[in-house]
Amino acid sequence: MFNELTLGLHVLLLASIYVFLFIAVKVISKDLAWAKGAATEKLPRIVIVEGAEPGAATDYPIDEQLIIGRSPDCDIILEDTFASAHHARVYPANSAYWLEDLKSTNGTTTNNKQINAPVRLKKGSTFRIGQSVFKFMD
């Protein structure tokens, strides 16, 4: 009787461990799937729709900010004599994305209007720097 009782308790203990492990693996796999989905969400980005050099990247995700200009230290480098070295920047602030002209020589336009102060970008907003046209994709 004692052997049957201990055998039954051993089986119950093993069954409990397997149930616990099954639940733990299920919860961990759900968390990993959620984390993978969160990591693959697309960041808002700037897309060059006109004026890109052949073979150059045309899609730039906005993580912190993007500096656009001719200088090699810019995030988006333009081979355009109408663009200044550090022409403009796109940056997040106050739960929105903004376009700011960095006191460029030829200016930055959006909706065919020269901007003098930071402008809030909306999904599909376009702006021009020199010969290049950009589109904000949210």
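This is a predicted model: local features need pLDDT of at least 70, side-chain atom pairs count only at pLDDT 80 or more; totals for chains, interfaces and linings use all residues.
## A walk through the rings, charges and strands

Residues are numbered from 1 along each chain as its sequence is written, and side-chain values use heavy atoms, with hydrogens and water left out.

**Stop 1: the rings.** Select Tyr97 and Phe136. Their pair is tilted, at 5.6 Å centre to centre with 40° between the planes. Tyr97 belongs to strand S6 and Phe136 to strand S11, so this pair ties together parts 39 residues apart in sequence. (Strands are DSSP runs of E, at least two residues, numbered from the N terminus.) Both Tyr97 and Phe136 are buried, meaning under 20% relative accessible area; exposed is over 50% and partly exposed is in between, with a 1.4 Å probe and protein chains only.

Now pick Phe127 and Phe134. The ring centres are 5.1 Å apart and the planes sit at 15°, so this pair is stacked. Phe127 and Phe134 are buried too.

What does Val90 touch, leaving aside residues up to four places away in sequence? Its contacts (heavy atoms within 4.5 Å) include Ile46, Ile68, Trp98, Leu121 and Phe127.

**Stop 2: the charges.** Side chains of opposite charge can pair when their charged atoms come close. A search of the whole structure turns up 3 salt bridges, each a side-chain nitrogen of Lys or Arg within 4 Å of a carboxyl oxygen of Asp or Glu.

- Arg89 and Glu100: the closest N and O atoms are 2.7 Å apart. Arg89 lies in strand S5 and Glu100 in strand S6, so the bridge ties together parts 11 residues apart in sequence. Arg89 is partly exposed at 22% relative accessibility. While you are here, show Tyr91: the charged end of Arg89 sits over its ring, 3.8 Å from the centre (the test is NZ of Lys or CZ of Arg within 6 Å of the ring centre and within 35 degrees of the ring normal).
- Arg128 and Glu50: 3.8 Å between the closest N and O atoms. This one links strand S10 to strand S1, 78 residues apart.
- Arg45 and Asp59: 3.1 Å between the closest N and O atoms. Arg45 is in strand S1 and Asp59 in strand S2 (residues 59–61), 14 residues apart. Buried or exposed? Arg45 counts as buried at 18% relative accessibility, whereas Asp59 is partly exposed at 36%.

**Stop 3: the strands.** Stay on S1 and switch to cartoon. S1 and S2 pair in the antiparallel sense over 3 bridges; strands pair if DSSP finds at least two bridges between them. The bridge partner of Arg45 in S2 is Pro61. S1 is also joined to S11 by 5 bridges, again antiparallel. End on Ile48, which stands opposite Phe134 in S11.

Key:
Rings of Phe, Tyr and Trp (its six-membered ring) pair if their centres lie within 6.5 Å; planes under 30 degrees apart count as stacked, over 60 as edge-to-face and the rest as tilted. Helices (H or I, at least four residues) and strands (E, at least two) are DSSP runs, numbered from the N terminus.
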